[in-house]
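Trainee: I am new to this structure. Please show me how to read its features.

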Amino acid sequence: MPRNAPVKKALTQLDHRIEAAVGHSIGRLWQYRDRDLLDEQHAQLVDAHRALVQAETSVTFYRAQLNSLSSGQYPVDEAWFERIDRTLDLLQDAARTRDQRQDQAVAALTRVEAAARDSTPRDVPNLPAPDIAALLAIAQGANLHQNLLTQQLYVVTASGTRMRYSQLQRLEEDRLVARDTSRPVTAGQPVTLTDTGRAALTAPRSPKAPGTAPTSRPGTWPTAAPARR
């Protein structure tokens, strides 16, 4: 199954338990894994879940083949018996693999659940939407540059978006991002998310109350458009 395949329904018996443990849907969790936003334990859980989904897909495939063979549309002859035997063997192997991968997924999920019970609440900042957008852009790759003529500092992300240096400074002060100061700014200093930044992006968010306007923070990117008169 492709890593970016959309997840529209429960794919395994563990889906609801995983979503309860991490506070996100399976689809969102897979997206975070693809963007490298998860810590090691959660990344291992997603990888184990994906392997389990692949195994479940194989079981479903061979079961469908067996149903087709027993539907009555094929003549009952020696070739039919051979195909039945071969399909049963493949289904049995697929089921064994599925069971093994489910055990691995349960083990990974149990570690995540235990860590959630034992850990103290993290000091994760409640970020406004512009800061979330900025962190998501930085997660894909970003560098701090300096214009040799104007001496102006600015951040360029992998998508080509430019970010003001003042916002980078504020994100650094909040310990959400860090940059590699071992390289000169003129050559580009890589900017990456810190553990706090990753946690802020992946932390479950409660819905805002109706009619509640988001509070803007000075220097957020992008800035809101001025109201028309």
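Trainee: Is Arg175 exposed or buried?

Mentor: First, a caution: this is a predicted model. Exposed means over 50% relative accessible area, and buried means under 20%. Arg175 has a relative accessible area of 65%, so Arg175 is exposed. Find Arg175 in the loop between α6 (165–173) and β4 (177–179).

Trainee: What is the phi of Arg175?

Mentor: Phi of Arg175 is near 60°. That is a positive value in a residue other than glycine. Asp36 also has a phi near 60°.

Trainee: Where is Asp36?

Mentor: Look in the loop between α2 (26–34) and α3. Asp36 has a relative accessible area of 44%, so Asp36 is partly exposed.

Trainee: Now charge. Which residues gather in a patch of negative charge on the surface?

Mentor: Asp and Glu count as negative. Here the patch brings together Asp77, Glu78, Glu82, Asp85 and Asp89. Take Asp77, in the loop between α3 (40–69) and α4 (78–118).

Trainee: Which residues is Arg111 in contact with, leaving aside its neighbours within four places in sequence?

Mentor: Contact means heavy atoms within 4.5 Å. Arg111 sits in helix α4. Beyond those neighbours, Arg111 is in contact with Gln41 and Gln44. Arg111 and Gln41 are 70 residues apart in sequence. In space, their C-alpha atoms are 7.4 Å apart. Arg111 is partly exposed, because its relative accessibility is 40%.

Definitions and conventions: Residues are numbered from 1 along each chain as its sequence is written. This is a predicted model: local features need pLDDT of at least 70, side-chain atom pairs count only at pLDDT 80 or more; totals for chains, interfaces and linings use all residues. Side-chain values use heavy atoms; hydrogens and water are left out. Patches are made of residues with over 30% relative accessible area and no salt bridge: like charges are joined within 9 Å, nonpolar side chains (Val, Leu, Ile, Met, Phe, Trp, Tyr) within 5 Å. Accessible areas come from the Shrake-Rupley method with a 1.4 Å probe; for residues, only the protein chains shown count as cover. A salt bridge is a side-chain nitrogen of Lys or Arg within 4 Å of a carboxyl oxygen of Asp or Glu. The place of a charge is taken as NZ of Lys, CZ of Arg, CG of Asp or CD of Glu. Helices (H or I, at least four residues) and strands (E, at least two) are DSSP runs, numbered from the N terminus. Buried means under 20% relative accessible area, exposed over 50%, partly exposed in between (1.4 Å probe, protein chains only).
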